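Thank you all for coming. Before I say anything, please take a moment with the sequence and the structure.

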Amino acid sequence: MKKSYQNLGVNSIYNMKQVIHRKLSSSLLRLGLIVLLTFSYSISAQEGEAAQEGDPVKGKSLYNANCAACHKLDKKMTGPALRNVEARLAEEEGLDREWLNAWIRNSAGLIKSGDDYANKIYEEYNKVAMTAFPQLSDQDISDILAYTAAPPPKPEEPVAGQQVVVQKPGISNEIILGALAVLFGLLALALVLVKKTLDRFAEAKGIEVEEKEKRMPLWKAFAQNQFLVLVTTVILLLGSAYFVYGYLMQVGVDQGYEPVQPIHYSHRIHAGENGIDCKYCHSSARVSKHSGIPSLNICMNCHKAIGEVAEATQQEGINEYGVDYNAEIQKLYKAVGWDEDEQAYTGDTSPVKWIRIHNLPDFAYFNHAQHVTVAGVECQTCHGPVEEMEIMYQHSSLTMGWCINCHRETNVKVEDNAYYEKIHEELSKKYGVEELTAAQMGGLECGKCHY
Ligand code: HEC
Ligand code: HEC
Ligand code: HEC
Ligand code: HEC
Ligand code: HEC
Ligand code: HEC
C-alpha cells in the first residue's frame with residue numbers, strides 16, 4: 001500500500017514535470033526555429049551572390065563525386081594536389097581557364113594535340129590517364145575550381161554551408177538561456193515588489209504583521225528528541241551498509257571498462273559507417289568458444305589500399321574525438337612492416353598488443369558458438385551498440401546474475417534443429433509449456449558454467 005502511494009506522488013510530480021517540460025520545449029522550439037530561419041535566410045542570400053562566379057559548396061560535391069578518387073587538395077595522390085590549381089597554373093605556367101576546361105573535359109585529347117604542359121605533367125605522373133569529363137559545364141568547372149581555391153579549413157571552424165546551419169542552435173541555445181535567466185530575475189524582482197506592497201497595505205490598514213518569535217536552534221531540538229536521533233542513526237547505518245555492499249559487489253565487475261588501445265581502432269567507422277560484418281574480423285565467434293581479435297593480416301586486406309581516410313572522416317576525427325586517424329593507420333603499417341611508397345612488406349614487424357576488455361574468471365565457462373550460432377543471439381544483445389562505439393568498452397556486467405537472468409528469459413530456438421525438436425517435445429511436456437527457456441533446458445545447472 002505504502003509503496004503505491006509513494007508511486008502516486010512520484011507519478012504526479014513526474015507528470016507535472018512532463019507538462020512543464022513539454023510547454024517549455026515547445027516554446028523553445030519555436031524560438032529556435034525563428035533564429036534558425038533568420039540565419040538560413042542570410043546564408044541563402046549569400047549563395048545567390050556567389051553563384052555567378054563559382055560556388056564552392058556545389059563545387060565540393062562535384063569534386064567529391066568526380067575528382068576525389070584521384071586528387072586530394074593538399075597532397076599528391078594518383079594525380080597532383082589541386083589546392084589553388086587555377087592560380088598556380090596561371091602563375092607558374094601561364095595557363096588560363098580555357099586550358100583547364102580543355103584538360104578537364106578531355107586530357108588525352110590535349111596531350112595528343114602536343115600541348116607542352118599537358119605532356120609534361122602526363123610524363124611526370126607516369127602516363128596515368130585522367131578520366132575525361134565532357135559532361136561538365138563551364139559553370140560546373142567554375143564551381144569545382146572555386147572549391148579548390150577556398151582556404152583550407154581550420155580544425156575548429158566549420159567550412160561548408162550545411163555545417164554552419166548545424167552550428168546555429170548552439171548560439172540560439174545561449175540566447176535562450178540568457179533570456180531565461182533574465183526572466184527569472186524579473187520574476188524574483190516582481191515577488192519582492194508584491195511583498196513590499198502587501199506590507200505597505202497591512203501597515204496602512206493597521207494590521208500587525210507578526211514578528212517571528214525566537215525559536216530554539218534546530219540542532220538543539222533535534223538532539224533532545226531521542227526518537228529522531230535513533231531513526232537518523234538507523235538510516236545512516238543502513239545507507240552505509242548499502243554502499244559498502246554495492247562496492248563489494250563491484251569488485252571484479254568491469255562494466256564500462258574502456259582501455260586505450262595501442263592503435264585507435266573505431267568500431268563506429270568499420271562496423272557502423274562501412275558496415276563491415278562482425279564475423280569478417282571475429283570469425284571464430286561462430287564456431288568456437290572464443291571470438292578472438294583479428295590478426296593484422298586481415299586489416300591489410302583493406303589497408304594495403306586505404307592509407308588515408310577520407311578528408312571529411314579525418315576532420316571529424318580531429319574535431320570530435322581528438323584522434324588523427326591517418327596517423328593511426330601509419331601505426332598499423334609500422335606494426336606489420338608495410339612500406340607505403342614501395343607497396344611492399346619490409347619484414348620489420350612489431351606485433352600489436354591489444355588490451356583485453358571482456359574477461360570472465362577462469363572458473364566460469366562461456367562459449368560463443370553456443371550463443372551466436374546455436375541460440376542465434378545477436379552480438380549486440382551482449383556487447384551493446386558496437387557499431388556506434390568509437391572506442392570499445394564493456395557494455396554488460398558479465399556477472400553470474402546477468403547470465404542467469406537471460407537464461408530465464410530467453411526462449412531457445414528449436415525450429416530447424418532436429419536435435420532440439422525431440423528434447424523440446426519431452427521437456428515442454430514436463431514443464432507443460434509451449435516455449436522453453438534456456439533455463440528449462442538446463443542453463444541454470446552449476447556444472448554447465450563451472451568446471
Ligand atoms: C582517374 C583518376 C583521375 C580523376 C578521376 C581525375 N583526375 Fe585530374 N589528374 C589525374 C592525373 C593522373 C593527373 C596528372 C596528369 C596525368 O597523368 O594525366 C591529373 C591532373 C589534373 C590537373 C592538372 C594539375 C596540375 O597541377 O598540373 C588538373 C587541373 C586536374 N587533374 C583536375 C581534375 C578535376 C577537376 C577532376 C574532377 C572533375 C579530376 N582531375 C579527376 C587523375 C585524375
Ligand atoms: C575490421 C575488423 C573488425 C570488425 C568488422 C569488428 N571488430 Fe570487434 N574488434 C576488432 C579489433 C581490432 C578489436 C580490438 C581493439 C578494440 O578493443 O577496440 C575488437 C574488439 C572487439 C571487442 C572487445 C574484445 C575484448 O577485448 O574483450 C568486442 C566485444 C567486439 N570487438 C565486438 C564486435 C562486434 C559485435 C562487431 C560487429 C558489430 C565487431 N566487433 C566488428 C576488429 C573488428
Ligand atoms: C573491410 C575493409 C577493412 C578492414 C578489414 C579493416 N579496415 Fe580499417 N578502415 C577501413 C575503412 C573503409 C576505413 C575508413 C576510411 C574512411 O572513412 O575514409 C578504415 C579506417 C581505419 C582507421 C582510421 C579510423 C580509426 O578506426 O581509427 C584505422 C586506424 C584502421 N582502419 C585500422 C584498422 C585495423 C587495425 C584493422 C584490422 C583489425 C582494420 N582497420 C581492418 C576498412 C577496413
Ligand atoms: C550471450 C552473450 C554474448 C554474445 C551473444 C556474444 N558475446 Fe562476445 N563475449 C561474451 C562474453 C561473456 C565474453 C567474455 C568471454 C571470456 O572471457 O571468456 C565475450 C568476449 C568477446 C570477445 C573477446 C575475445 C574472446 O573471445 O574472449 C570478442 C572479440 C567478442 N566477444 C565478440 C563477439 C562477437 C563478434 C559476437 C557476435 C558474433 C559476440 N561476441 C556475441 C558474451 C557474448
Ligand atoms: C542474451 C541472453 C544470454 C546471456 C546474456 C547468456 N546466455 Fe547462455 N544461453 C542463452 C541461450 C538462449 C542458450 C540456449 C542455447 C541453446 O539453444 O542451447 C544459452 C546456453 C548456454 C549454455 C549451455 C546450456 C546447456 O543447456 O547446454 C551455457 C553453458 C551458457 N549459456 C553459459 C552462459 C554464461 C556463462 C553466460 C554469462 C557469461 C551466459 N550464458 C549468458 C542465452 C544467454
Ligand atoms: C549461466 C551460467 C552460470 C550458472 C548456471 C552458474 N554460474 Fe556461478 N558464475 C557464473 C559466472 C559467469 C561467474 C563469474 C561472475 C563474475 O565474474 O562476477 C560466476 C561466479 C560464481 C561464483 C563466485 C562468486 C561471484 O558471484 O562472483 C560462485 C560461488 C558461483 N558462481 C557459484 C555457482 C553455483 C553454486 C551455481 C549453481 C547453483 C552456479 N554458480 C551456476 C556463471 C554461472
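Predicted model: local features only at pLDDT ≥ 70, side-chain atom pairs only at ≥ 80, totals over all residues.

Residues are numbered from 1 along each chain as its sequence is written, and chains are lettered from A and ligands numbered from 1 in the order in which they are written.

The protein chain has 21 helices and two strands, where helices (H or I, at least four residues) and strands (E, at least two) are DSSP runs numbered from the N terminus. Of its 451 residues, 9% are buried, that is, with 20 or more other C-beta atoms within 10 Å of their own, the C-beta atoms being placed from the backbone.

Let me turn to the core. The largest nonpolar core consists of nine residues, namely C67, W103, I104, I111, A118, I141, I144, L145 and Y147; such a core is a set of buried Ala, Val, Leu, Ile, Met, Phe, Trp, Tyr and Cys residues joined through C-beta atoms within 7 Å. Both α4 (97–105) and α7 (138–149) supply at least two residues of this core, and the largest share, four residues, comes from α7. If we set aside neighbours within four places in sequence, I141 is in contact with L100, N101, I104 and L136, contact meaning that two C-beta atoms, placed from the backbone, lie within 7 Å.

How do α2 and α7 pack? Helix α2 (residues 56–66) meets α7 at an angle of about 95°, and the axes are 7 Å apart, the axes being lines fitted to C-alpha atoms over the stretch in contact, with angles from 0 to 180 degrees between N-to-C directions. α2 is therefore roughly perpendicular to α7, a term for angles of 65 to 115 degrees. On the α2 side the contact is made by P56, K58, G59, K60, L62 and Y63, and on the α7 side by D140, D143, I144, A146 and Y147.

Finally, the ligands. Around ligand 4 there are 21 residues, of which H282, H290, S291, C379 and C382 come nearest; a residue counts here if its C-beta atom, placed from the backbone, lies within 6 Å. The most residues in that shell, four, are given by α17. Around ligand 6 there are 17 residues, with A364, M400, C403, C446 and C449 nearest, and α18 gives the most to that shell, with four residues.

How values were computed: Buried ≥ 20, exposed ≤ 12 C-beta atoms within 10 Å, placed from the backbone. Parallel < 35°, antiparallel > 145°, perpendicular 65-115°, else oblique.
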